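Please look over the structure below with its ligand site in mind. The report that follows takes up the surroundings of the ligand and the contacts made there.

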Amino acid sequence: MHTLQETLTRRGIDGELQSLIETLANCANEISALVRGGALAGVLGATESENVQGETQKKLDVIANDLIKDALSAQPLVKGLASEEEDHVVPAHADGRFLVSFDPLDGSSNIDINSLVGTIFSVLPAPAGDVTEAAFMQPGKNQVAACYMLYGPATVMALTTGDGTLMFTLDPKTGDFMLVEERVQIPEDTAEFAINMSNQRFWQPAMQAYIADCLKGKEGQRGKNFNMRWIAAMVGDVHRVLSRGGLFTYPQDTKNPAKPFKLRLMYEANPMSFLVEQAGGVASTGYERIMAIQPEQIHQRVAVILGSKNEVNTCLDYHG
Ligand code: AHG
Ligand code: MN
Ligand code: MN
């Protein structure tokens with residue numbers, strides 16, 4: 001068994017990126033301990049505040065955000081950071097090499113029901129000049145690393161630096177993330193999809209038609225029965241896709257015309273797309289590769305369809 005550090009060194013990851021990844025892992029280690037403490041750690045329940053996106057912040061959203069913000073601000077390699085829970089980008093070290101975007105706590109609605117939550121990180125190269133929102137406006141294909149940590153029955157981390165997707169499990173006795181899978185491969189075919197079915201009537205015709213055909217099962221044109229799962233935390237759903245395949249989507253909908261998409265490009269869709277593509281999967285909006293999108297705002301939202309290659313491509317065929 002190899003630690004995160006041993007693995008990154010063996011794979012020849014440059015020392016600075018390695019140091020940054022270890023900072024991210026340490027944050028997850030601390031958040032994991034708080035999540036495990038539950039009510040005893042005083043982390044359940046909501047705050048009185050809202051984030052810039054108009055969502056009520058849970059206590060753990062704020063705690064995890066502050067913890068990561070402090071750790072990244074103390075890491076000299078970080079030039080600036082952007083978070084779901086920060087209205088604006090936060091400058092850190094003028095001569096830092098990296099910009100880090102993050103979702104400190106993904107799946108906030110799960111925290112009070114003791115269900116899956118996680119953290120998502122995306123690392124971009126820092127351009128010269130000041131840390132403004134413009135510095136972050138790089139397509140996902142520029143990412144130098146992406147990872148998520150899932151605080152489940154075990155705490156796990158999926159990581160890519162552009163050479164495959166690796167899976168680690170946190171050893172609670174030593175605090176080390178141990179390598180458990182060096183080259184994650186998403187099965188190309190699947191009979192499992194993940195979508196919030198309660199929004200069905202608000203989807204576009206393409207998604208309506210795709211899901212309707214899945215639901216027809218063996219008797220329909222797909223000729224096989226499908227299974228459905230929805231964790232309400234993208235980290236949980238993407239972890240299942242990396243573990244056994246599947247299609248995960250949060251499509252465009254008309255439920256709230258002012259908000260046609262749910263998931264955020266910079267700290268949800270892009271890092272997850274990088275991890276999925278590096279494991280042989282596909283990640284698209286339905287009309288274009290997510291990692292090719294030129295971002296315009298730090299908190300912009302996007303439609304997401306990702307997972308098993310052949311199944312995602314079938315879904316994309318419906319989008320024409
Ligand atoms: P967050 O908790 O960071 O706001 O993200 C929640 C996201 C995503 O993780 C999940 O897939 C989706 O919202 C769940 O949405 P529904 O509440 O519509 O199921
Ligand atoms: Mn999230
Ligand atoms: Mn979040």
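## Residues around the ligand

Around ligand 1 there are 17 residues, and those that come nearest are Asp106, Gly107, Ser108, Met234 and Tyr250, a residue being counted as near if one of its heavy atoms lies within 4 Å of the molecule. This is a predicted model, in which local features need pLDDT of at least 70 and side-chain atom pairs count only at pLDDT 80 or more, while totals for chains, interfaces and linings use all residues. Residues are numbered from 1 along each chain as its sequence is written, chains are lettered from A and ligands numbered from 1 in the order in which they are written, and side-chain values use heavy atoms, with hydrogens and water left out.

## Where the shell comes from

The strands β5 (98-106), β13 (247-250) and β14 (263-264) each supply at least two residues of the shell around ligand 1, strands being DSSP runs (E, at least two residues) numbered from the N terminus. The largest share, 3 residues, comes from β5. Domain 1 (4-181) and domain 2 (192-318) each contribute at least three residues to this shell, with bounds taken from an automatic or database domain assignment.

Technical notes
Helix = DSSP H or I, 4+ residues; strand = E, 2+ residues; numbered from the N terminus.
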